Amino acid sequence: MKPRSDSLPLIRVWEVLFACLVMILVWQAVVWVTQVESFILPGPWAVASAFVNQFALIWHHTLITAVEVMVGLVLGVTAGILTALNLTMSERGRKLIMPALVMSQTIPVFALAPLLTLWLGYGLASKIAMAVLIVYFPVTSTFLDGLANTPKGYLDIAHTMRSPNRSTLMQIRFPAAVPSLTSGIRLAAVYAPIGAVIGEWVGASNGLGYLMLLANGRVKIDLMFAALVALCILTVTIRAIIGLICDRAVKWSGMNNR
Amino acid sequence: MGAPDHAIPGLRLSGEFSYSERPLFSDLMLELLPGSWTCLLGSSGIGKSTLLRLIAGLETGGSFSGSISASDNLPVDGRVAYMAQSDLLLPWLTVRQNVSLGASLRREPLDHVKIDHLIHRVGLEEYISNKPGELSGGMRQRCALARTLMEDTPLVLLDEPFSALDPVTRRQMQALASSTLQNRTVLLVTHDLAEALRLGRRIYAMSQGKLEEFDLPACRSVRELDDPAMMDIQSRIFSVLNA
């Protein structure tokens with residue numbers, strides 16, 4: 001079996017750089033050919049100089065968004081893990097909560113953003129809550145799936161060893177489900193920034209989402225694009241770090257090459 | 001160390017078993033001699049493992065009506081150790097942690113002296129902190145044997161534990177298992193006639209839901225097969241299996 005991994009370090013760095021270069025060239029070509037006004041689509045050079053000139057401002061807002069995303073990720077992943085473990089232990093709980101959990105997914109998280117801002121205010125809390133909400137379900141459902149699909153032989157061994165259910169869950173089902181859990185966490189790492197930025201759009205005085213709206217309102221489209229680039233770099237970085245941690249966890253579990 | 005000190009019970013299984021209304025075996029009678037090896041022999045898919053899983057109290061997917069009882073009238077449940085064809089070592093644990101898995105699951109204090117002794121006995125002392133992924137198939141099966149011995153149960157159920165090994169390693173494992181599992185009531189499920197003859201005190205040949213019983217002369221450890229009496233039993237068992 002091939003080692004299972006879709007994390008960033010496996011994509012060669014030069015391939016990423018080359019892809020970026022192609023994108024920038026196409027972007028520049030579009031600007032030249034269409035002669036579009038710079039307040040509609042600024043060229044790469046204008047965006048780059050906005051990025052450099054306003055770096056302190058962008059950095060400040062990037063840090064705020066990064067905190068929201070990281071805290072949201074940690075809380076959302078923890079809540080997802082605890083929910084999946086408890087639902088695995090209790091069949092009644094599963095019957096009671098699973099339908100509600102699935103139903104809740106029909107509500108777009110984005111539609112909740114104004115409510116969260118109303119309840120939790122304009123500060124970090126409402127953005128973190130958005131990130132948590134968007135992260136929670138994929139982590140819960142992938143981990144729950146993994147916990148339910150423990151190799152049967154392991155459970156046979158646990159049964160003949162008279163293992164209490166809780167020990168079987170924590171010492172066998174949990175480690176055996178690490179690959180499923182990490183695929184949920186990898187998804188979460190990409191979703192969490194979306195949640196945070198949407199929270200910032202609805203109402204905030206800090207963060208990259210706020211900066212983008214502000215720049216847009218003042219027709220500083222180059223700054224808006226620069227903020228977008230910062231958001232891209234932030235997401236890719238978080239995804240890469242989470243990817244590395246997940247790779248380590250899967251390697252530790254040994255479940256990828258049994 | 002080795003066998004538990006109280007008297008080793010035998011085991012008797014009788015009854016019938018069916019898969020979704022279709023009988024797999026009816027009127028079955030299987031008796032494990034106390035403190036010795038019984039082999040259950042038959043071709044693949046005939047239901048040998050199902051019988052073993054029944055005794056182990058594991059999920060079989062069918063329904064059994066009858067009785068499974070130990071000769072000392074104590075419950076069978078909780079006095080059985082189980083070893084399967086695949087070693088079923090947990091890949092995230094080291095050799096040492098795998099050997100002590102039972103105690104760790106039951107949250108019992110670990111008997112470090114016994115763990116080290118058993119690991120030494122199966123010859124894995126140099127690999128004590130290695131994970132199963134770093135071991136060969138034979139070494140993994142030896143680790144699984146140590147884990148089985150660690151459980152210290154009077155009844156040991158072996159479901160083709162050596163069938164995935166190469167012939168040389170298989171013979172070594174047979175000798176090791178035979179010496180370490182002396183004085184235990186062992187049921188070995190196998191499709192290898194030579195293996196059954198080498199290890200069994202009693203052999204059940206299984207064909208079409210029927211069991212035929214063959215008792216072999218007592219023997220200290222692994223039996224050699226070049227004896228003329230063995231040839232005779234061999235051909236008789238073959239005729240049952242071919243029926």
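In the predicted model, 40% of the 258 residues of chain A count as buried. The secondary structure of chain A consists of 11 helices and zero strands, and its order along the sequence is accordingly written α-α-α-α-α-α-α-α-α-α-α. The C-alpha trace of chain A extends over about 75 × 45 × 30 Å along its principal axes.

Chain A and chain B touch each other through 21 residues of chain A and 22 residues of chain B. On the side of chain B that touches chain A, strand 5 (80-83) and helix 3 (101-105) each supply at least two residues. Helix 3 of chain B gives the most to this side, with a contribution of four residues. By residue class, the side of chain B that touches chain A comprises 12 nonpolar, six polar and four charged residues.

Chain B is assigned two domains. Domain 1 of chain B is made up of two segments, 9-79 and 155-243, whereas domain 2 of chain B covers 86-152. The centres of the two domains, taken over C-alpha atoms, are separated by 25 Å. Nine residues from domain 1 of chain B and nine residues from domain 2 of chain B take part in the contact between these domains. On the domain 1 side of that contact, helix 6 (residues 167-180) of chain B provides the largest share, five residues. The residues on the side of domain 1 that touches domain 2 divide into seven nonpolar and two polar, with no charged residue among them.

Helix 1 of chain B spans residues 48-56. Seven of its nine residues are buried, so helix 1 of chain B is largely enclosed by the rest of the structure. A residue is classed as buried here if 20 or more other C-beta atoms lie within 10 Å of its own. The buried positions in helix 1 of chain B are Lys48(B), Ser49(B), Leu51(B), Leu52(B), Arg53(B), Leu54(B) and Ala56(B). An α-helix has 3.6 residues a turn, so residues three or four places apart point the same way. The buried set in helix 1 of chain B includes Lys48(B), Leu51(B) and Leu52(B), and it also includes Arg53(B) and Ala56(B). Helix 1 of chain B is followed by Gly57(B), which has a positive phi, near 75°.

How values were computed:
Residues are numbered from 1 along each chain as its sequence is written. Chains are lettered from A and ligands numbered from 1 in the order in which they are written. This is a predicted model: local features need pLDDT of at least 70, side-chain atom pairs count only at pLDDT 80 or more; totals for chains, interfaces and linings use all residues. Two residues are in contact if their C-beta atoms, placed from the backbone, lie within 7 Å. Ala, Val, Leu, Ile, Met, Phe, Trp, Tyr, Cys and Pro count as nonpolar, Asp, Glu, Lys and Arg as charged, and the others, Gly among them, as polar. A residue is buried if 20 or more other C-beta atoms lie within 10 Å of its own, exposed if 12 or fewer, and partly exposed in between; C-beta atoms are placed from the backbone. Domain bounds come from an automatic or database domain assignment.
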